[in-house]
Amino acid sequence: MQSDSIFFLLALITIVSSIVMISAHRPIDSALSFIVTLVSIAALFALVNATFLFVVQIIIYAGAILSLILFIIMFLNIKDENLPDERYKNYWLLGTSLIVAPFSFILIDLILRSNIALKAQISEEFGTIKDVGLTLFDKWILPFELVSILLLVALIGAVILSKKEA
Amino acid sequence: MNTVLILLPLVLTLLYSLATVPVLVWMERRIAALIQDRLGPNRCHINGIRLGGIIQSIADMMKLVFKEEFLPSHIKNRFYYLVAPSLAFMSAFLTFMVIPYADTLTINEQSYSMQALPTDLGVLWFLAFAGLGVYGIILGGWASHNKYAILGAIRASAQVIGYEVAMGLSLVSILITYGTISLNEMVSYQTQSFFIFPAWGLFIQPLASIIFIVTAFAETNRAPFDAAEGESEIVAGYHTEYGAMKFGLYFVAEYIAMAASGALIVTIFLGGYQLPYLNTSELINNFELILWGIIAFAIVTSLLFLRWMKQHNIFAMSGLDETKIYTTVVIGFTIFAILVMSYYALGFGDANEVGVMLLQFAVFTIKLFFLHFVFIWVRWTLPRFRYDQTQKLGWNILLPLSLANIFITAIVVVGVNYGN
C-alpha cells in the first residue's frame, strides 16, 4: 500500500515533468524538467530494488550528461528573440498525441496481458551491483562488448572532430 | 531503545554536517590567524564567556539569518534563482547519508546500522549526489543574470565535471583493492595490517589517495582550486548576486560538502571509525583495558589543558571570570567521566557494545576534525591556481595517473590471487 502510493506520486512527477520538457518554450526549462524526469525514474528504479540502476541513472544521466547539456545551453547565451516562433506548437502536440494514442493503448494492453515477472519471486540479491555485474559479464558479454565498441567509436570520432577545428 | 538506535545515525549526520558548520567557520578563522601569526576573532562574548571565539561564528550566523531578504530587480527567473542555493545545500547534505559512524551494533541479536541510510551503495551514492551539486552552481550563476556570476558558474562546473572523472577513476582502483563498494566493509578491511603499517587505504593505495584528496579539494571548490570565486577577478563568482540566507545556504553547503568529502576520505583512506590494527570484536573483548587507557589519557590531557589555559587565557573581559568557569567545568566533567568509565572498567556493568560504539564515534570524530584541519591548512598555505592550470592538472596529470593506477592495481590484484 505504502509503496503503491509512492509509485503513483513518482509516476505523476515523471509524467508531468516529461510533458513540461516537451512543451516548454525555452531550452533551459526543458533541460531542467528533464532532470526532474530522470531523477524520478531513478527513484522508481530504487522502488523496485534495482539499486545499481538507481545510482547509475543519477550518476550518468542526471549527473554527467545533463550537466553537460546545461553547460552548453549556458554557453550559447540564447535570448528570447532567438527562439523560434512556435505558435501552433500545442496543436501539433495534440494532433500527434491523438495519432500515437491507439498504439500506446495496444502497448499497455500487451503489457497487461503478458505475465512478465509481475508475480515472480525475486532473490534478495536482485538488482545489486554484484548481481548486475555477473549477469552482464556472463550472459550478455557479447552485446556488452559491442556496445563498448560503439562508445569507443563515438569517443574517437569526438576527438578527431575537435582536432580538425583547432 | 529500538527507535533511539535507529534515529541515532540520523542525528549524528545532522551533528556532523549542519552543527559543525559554526565550529568549522571558527576553525577556519583561528587556524588562518595562527598561520598568519595573529589571534583571530576572540572578543565576541556573552557576559564574558567567549568559548575561544566560537561566539563570533554564532553572531555571524544570527547576522545572516536576520538580514533583509533582498531580491535584485533585474532577475527574471525568480524560481531558478531561489531554488539554486537549496539544490546545492541538499545535494551536499545527502552525500553525508552513507558514511558509517561506527560498526554495525548488535544488541540482543538485532543489528543496527550506524549509517543514516542503511544501504550498501556507499561510494556510488556519494558520487551520484556530489555530481548533482553542480546544478546548484550552474543554476545560481545562470539565473543571477550577471557576467561575473555566469563566469564563476562556468568555471566551477567545468572544474567539477573535469575532476569528477579523475575522482571516479581513482575510486575504481580503490574498489579493485577492497573488492567492495560498501563503506562499512571497506572499513573492516582496513583493520588488517600491511607489513608493519595498518592496512589503511593511504598505505595500500598511496597514489589513489593523493589523487582522491586533490580531486576532493577541487570538487568542493576550496582553495587552491577556488578560481570559481576568485575575488580579484570575478567578484564572488556564482554567488555574487546572492545575499542574506540565500548566500548563507551556499556558504553552509560548501562547508558541508567539505565535511562530507573529509568523512569519505577518513572512511576510505584513514581506516574510518576503527583504531589501527584493532577490529570491533577485539575492542569488545578488551574493553576494560581500553577504558583504563582512556582514563589515563583524560587525566593527562585535562591537566595539560588547564595549565595551558592558565598561562594563555589572560585577556581582560568584563562580566564573569572565564578561566575560573572553564576550570570548574573541565575538572567536573573529567571527574564525572572517570567515575562513569571506572564503573564499567572495574566490571560492575556490562555495556561493552555500546561503549565500543561510543569509542568508534570518538575515533571517527577525531579523524574527521584532523581532515578539516588539513583542508583549512591547505587553504591558507597554497596560493590559488590559475584557471587553465587547474584544468591542465585535472585532465593532463591526474586523469592519466589514475588510469595508470587502475592498470597497476589490476595487475597486482590478479597476480596476488593467481592460483587461488
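Residues are numbered from 1 along each chain as its sequence is written, and chains are lettered from A, with ligands numbered from 1, in the order in which they are written. Since the model is predicted, local features need a pLDDT of at least 70 and side-chain atom pairs count only at pLDDT 80 or more, whereas totals for chains, interfaces and linings use all residues.

Confidence is considered before the details. The predictor assigns the complex an ipTM of 0.78 and a pTM of 0.84. Helices and strands are DSSP runs numbered from the N terminus, with at least four residues of H or I for a helix and at least two of E for a strand. Within chain A, confidence is lowest in H3(A), with a mean of 83, and highest in helix H6 (residues 141-165), with a mean of 90. Chain B has an average pLDDT of 83, with 99% of the residues at 70 or above. Where pLDDT is low, the predicted coordinates should not be read in detail.

In chain A, attention falls on helix H2. H2(A) contains 21 residues and reaches 30 Å from its first C-alpha to its last, close to the expected 30 Å; the expected span is 1.5 Å times one less than the number of residues. Several of its residues are buried, including A:Leu32, A:Phe34, A:Ile35, A:Leu38 and A:Ala42. A residue counts as buried if 20 or more other C-beta atoms, placed from the backbone, lie within 10 Å of its own, as exposed if there are 12 or fewer, and as partly exposed in between. The buried residues of H2(A) are covered by elements that include helix H1 (2-23) and H3 of chain A, together with H4 of chain B. After H2(A) comes A:Asn49, which has a positive phi near 70°.

The axes of H2 (residues 27-47) and H3 (residues 51-76) of chain A come within 8 Å and cross at roughly 175°. Such axes are lines fitted to C-alpha atoms, for helices over the stretch in contact, and the angles run from 0 to 180 degrees between N-to-C directions. H2(A) and H3(A) are therefore roughly antiparallel, given that angles over 145 degrees count as roughly antiparallel, under 35 as roughly parallel, 65 to 115 as roughly perpendicular and the rest as oblique. Residues making this contact include A:Phe34, A:Leu38 and A:Phe45 of H2(A) and A:Phe54, A:Tyr61 and A:Leu66 of H3(A). Two residues are in contact if their C-beta atoms, placed from the backbone, lie within 7 Å. By class, the residues of the contact divide into 20 nonpolar, 2 polar and no charged. Here Ala, Val, Leu, Ile, Met, Phe, Trp, Tyr, Cys and Pro count as nonpolar, Asp, Glu, Lys and Arg as charged, and the others, Gly among them, as polar.

Between the chains, 17 residues of chain B are in contact with 13 residues of chain A. On the side of chain B that touches chain A, helix H4 (123-143) and helix H5 (147-178) each supply at least two residues. The largest share, 10 residues, comes from H4(B). This side of chain B has 14 nonpolar, 3 polar and no charged residues.

B:Leu12 lies in helix H1 of chain B and is buried, with 21 other C-beta atoms within 10 Å. The C-alpha atoms of B:Leu12 and B:Phe361 are separated by 9.3 Å, although the two residues are 349 places apart along the chain. B:Tyr250 belongs to helix H10 (residues 244-269) of chain B and is buried, with 24 other C-beta atoms within 10 Å. Not counting residues up to four places away in sequence, B:Tyr250 touches B:Pro85, B:Ala88, B:His239 and B:Tyr242.

Most residues other than glycine have a negative phi. B:Asp37, in the loop between helix H1 (2-35) and helix H2 (54-66) of chain B, has a positive phi near 60°. B:Asp37 counts as exposed because it has 6 C-beta neighbours inside 10 Å. B:Asn221, in the loop between H8 and H9 of chain B, also has a positive phi, of about 55°, but B:Asn221 is buried, with 23 other C-beta atoms within 10 Å.

Methods
pLDDT = per-residue confidence, 0-100.
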